[in-house]
Amino acid sequence: MARVPIIAANWKMHKTIPEAVSFTLEILQALNFSGAEVVLCPPFTALWPVTRAASGTPLQVAAQDVYWADQGAFTGEVSPLMLRDAGCTYVLVGHSERRHLFGETDENVNRKVKAVLRHGLKAILCVGETLAERDAGGTNRVVERQLNLALKGLGMGEAAGLIVAYEPVWAIGTGRNAAPEDAQAVNFFIRELIRNRYNSEVADQVRIQYGGSVTPENAGLLLAQPDIDGALVGGASLKVDSFKLIVQAA
Ligand code: PEP
């Protein structure tokens with residue numbers, strides 16, 4: 001089954017509103033959006049200005065995180081209703097920086113995925129092992145646990161629209177990407193987990209990205225793998241030139 005590749009720019013805690021808007025306008029000029037879906041993940045402050053700038057174009061916008069309640073006394077949090085209101089269509093859930101720097105648990109990732117889907121948004125679910133887990137031969141076990149707990153209670157229809165991002169923690173922001181065949185093996189493993197949990201139709205539909213030090217130089221080989229359906233890009237997404245080359249590689 002042909003899956004449209006999805007390339008997402010995770011800007012993390014970078015870019016002021018003017019910087020985010022000018023990037024958006026420049027990337028709209030630079031790309032023709034044929035053959036790949038492109039998603040920008042600005043910080044919360046720039047979501048609305050970026051969705052305004054991208055309005056009426058194929059460019060999609062994602063939030064980097066979400067809280068699971070609709071509203072209430074949750075100081076500092078942002079709800080899925082608010083993200084929809086700001087024009088987002090996607091939400092990153094369970095990014096390794098949320099898991100490892102801010103104590104996000106698998107249970108909370110599950111609550112967030114459900115909240116995102118309940119409000120008609122799409123989740124980009126991030127999973128991936130640390131270096132210690134990899135060195136101990138635990139990559140598949142960790143990814144399986146993260147995926148199973150994140151998908152707990154999700155029906156077939158909900159799972160089919162999911163994006164999974166396999167992001168080995170040791171590859172994020174380190175300049176050390178996974179070898180294309182190693183990333184392919186984990187992405188294949190993730191697809192088989194989904195096949196066993198749901199069915200082949202769902203497994204063949206779910207798009208599975210790779211993330212971790214993706215650059216214009218390595219994107220081609222990574223994206224050529226049969227089970228790598230796109231990339232989640234951090235550092236190399238901050239400059240229009242390098243992000244554009246990665247999208248063009250897809
Ligand atoms: C990320 O933050 O999701 C990421 C993959 O970062 P980088 O591309 O900088 O490794």
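Helix α4 (residues 96–101) gives the largest share of the lining of the largest pocket, three residues. Helices here are DSSP runs of H or I of at least four residues and strands are runs of E of at least two, numbered from the N terminus. The model is a predicted one, in which local features need pLDDT of at least 70 and side-chain atom pairs count only at pLDDT 80 or more, while totals for chains, interfaces and linings use all residues. Residues are numbered from 1 along each chain as its sequence is written, and side-chain values use heavy atoms, with hydrogens and water left out.

The largest pocket has a volume of about 340 Å³ and is lined by 13 residues, with Lys 12, Met 13, Gln 64, Arg 98 and Phe 102 nearest its centre. A pocket is an open set of points on a 1 Å grid over the protein atoms alone, with protein on both sides within 12 Å along at least five of seven lines; a cavity is a set of points where a 1.4 Å probe fits but cannot get out, and lining residues have an atom within 4 Å of a point. Points are joined across faces, edges and corners, and a volume is the space filled by probe spheres set on them. The lining of the largest pocket comprises six nonpolar, three polar and four charged residues. In these classes, Ala, Val, Leu, Ile, Met, Phe, Trp, Tyr, Cys and Pro are nonpolar, Asp, Glu, Lys and Arg are charged, and the others, Gly among them, are polar.

Turning to the ligand, 14 residues surround it, the closest being Lys 12, Glu 167, Gly 173, Ser 213 and Gly 234; a residue counts as near if one of its heavy atoms lies within 4 Å. This shell has four nonpolar, eight polar and two charged residues. Among the polar contacts (pairs of N or O atoms within 3.5 Å), a side-chain N or O atom of Lys 12 lies 2.6 Å from a ligand oxygen, and a polar side-chain atom of Asn 10 lies 3.3 Å from an oxygen atom of the ligand. Gly 173 takes part through its backbone, with an N or O atom 2.6 Å from a ligand oxygen. The protein covers 95% of the 300 Å² of accessible area that the ligand has on its own, as computed by the Shrake-Rupley method with a 1.4 Å probe.

A search of the whole structure finds one cavity of 30 Å³ or more, and the largest cavity has a volume of about 50 Å³. Residues lining the largest cavity include His 95, Arg 99, Cys 126, Gln 146 and Glu 167. Helix α4 and strand β5 (122–127) each supply at least two residues of this lining.

Five aromatic pairs are present, a pair being rings of Phe, Tyr or Trp (its six-membered ring) with centres within 6.5 Å; planes under 30 degrees apart are stacked, over 60 edge-to-face and the rest tilted. The rings of Phe 23 and Phe 243 have centres 6.2 Å apart and planes at 45°, so this pair is tilted. Phe 23 in helix α1 (residues 17–30) and Phe 243 in helix α12 (residues 240–249) are 220 residues apart, and their pair links distant parts of the chain.

Conventions: Polar contact = N/O pair within 3.5 Å; in protein donor to acceptor, adjacent residues only side chain to side chain.
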